[in-house]
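Subject: Handover of a structure and notes on its contents

Dear colleague,

Please find below the structure that I am passing on to you.

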Amino acid sequence: MLKAVVAVVLVLTALFFITAALLPARFAVARTVMINRPVEAVYPMIVNLSNWSQWDPFTEQDPAAKSSFRGGTGTVGASWSWDGEIIGTGRLTVEEIVPNVSIRSNLEFMAPQPMTAKDIWRFEETDNGTNVTRANEGDLDYPVGRFVGLFMDDMLGPLLEKGNLDSSKAKLADMQVT
């Protein structure tokens with residue numbers, strides 16, 4: 001009987017690792033929203049990290065979290081660090097800026113679970129306003145992270161949707177560009 005239990009445990013363990021090896025090693029989640037404003041009105045709300053408290057759903061989850069900002073507004077190297085009981089500890093550092101076109105940042109979570117990702121914004125001006133796409137992508141640790149990746153769109157997608165600047169707690173028209 002003990003041999004059968006050991007055999008089942010070994011088979012299940014092997015299945016777990018084999019399945020994890022077959023799952024994607026990266027995740028990518030993106031959401032796009034049309035904002036009825038020109039790109040010149042939308043872009044400054046995102047490139048200036050200190051504006052994020054007006055619309056970002058992550059900060060809304062933990063209003064008592066401590067935030068700090070470093071670097072110049074809208075510059076490569078600018079960063080936002082946070083430390084909260086609910087949202088944990090992390091830092092977002094701007095790596096690349098193409099004004100009114102895209103912003104690419106490194107997103108680093110230190111606690112409760114260490115993880116890095118890329119936070120990417122794209123802006124496309126149209127006749128009706130600006131299509132704003134926010135994407136988050138990164139590597140998934142083996143083996144457990146690969147299983148978490150199966151749920152990444154369901155976990156992260158609603159937060160990206162909520163933080164689309166138009167349906168969050170503050171409407172773009174009411175925000176002050178700084």
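The notes below go from the chain as a whole to the largest pocket, and then to individual residues.

Overall description

Please bear in mind that this is a predicted model. The mean pLDDT of the protein chain is 88, and 91% of the residues reach at least 70. Of the elements, strand 4 has the highest mean pLDDT, at 97, while helix 3 has the lowest, at 82.

The chain contains 5 helices and 7 strands. Read from the N terminus, their order is α-β-α-α-β-β-β-β-β-β-α-α. Along the principal axes, the C-alpha atoms occupy a box of roughly 70 × 35 × 30 Å. The chain has 178 residues, of which 38% are buried. Its exposed surface comes to about 10,000 Å², with 59% of that supplied by carbon and sulfur atoms. Among contacts with a separation of 6 or more, 54% are between residues 24 or more positions apart.

The largest pocket

The largest pocket holds about 880 Å³ of space. It is lined by 34 residues, and those closest to its centre are Phe-109, Gln-113, Met-115, Met-152 and Leu-156. By type, the lining comprises 22 nonpolar, 6 polar and 6 charged residues.

Helix 5 and its cover

Which residues of helix 5 are buried? They are Met-152, Leu-156, Gly-157, Leu-159 and Leu-160.

Backbone features in the loops

Two cis peptide bonds deserve a look. One joins Ala-111 and Pro-112, with omega at about 10°; Pro-112 is in the loop between strand 5 and strand 6. Another runs from Tyr-142 to Pro-143, where omega is near 0°, and Pro-143 belongs to the loop between strand 7 and helix 4.

Asn-100 is not a glycine, yet its phi is positive, at about 65°. Asn-100 sits in the loop between strand 4 and strand 5. With a relative accessible area of 27%, Asn-100 counts as partly exposed.

A loop residue under cover

Leaving aside neighbours within four places in sequence, the residues in contact with Ala-78 are Leu-49, Arg-70, Gly-71, Gly-72, Leu-92, Thr-93 and Val-94. From Ala-78 to Ser-105 the C-alpha to C-alpha distance is 9.4 Å, with the two residues 27 apart in sequence.

Yours sincerely

Notes
Residues numbered from 1 in each chain as written. Predicted model: local features only at pLDDT ≥ 70, side-chain atom pairs only at ≥ 80, totals over all residues. Heavy atoms only, no water. 1 Å grid on protein atoms, 1.4 Å probe; cavity = no way out; pocket = protein on both sides within 12 Å on 5 of 7 lines; lining within 4 Å. Points joined across faces, edges and corners; volume = space filled by probe spheres on them. Nonpolar A, V, L, I, M, F, W, Y, C, P; charged D, E, K, R; others polar. pLDDT = per-residue confidence, 0-100. Helix = DSSP H or I, 4+ residues; strand = E, 2+ residues; numbered from the N terminus. Buried < 20%, exposed > 50% of the residue type's maximum accessible area, 1.4 Å probe, protein only. Contact = heavy atoms within 4.5 Å. Areas by Shrake-Rupley, 256 points an atom, 1.4 Å probe, with all protein chains shown as cover.
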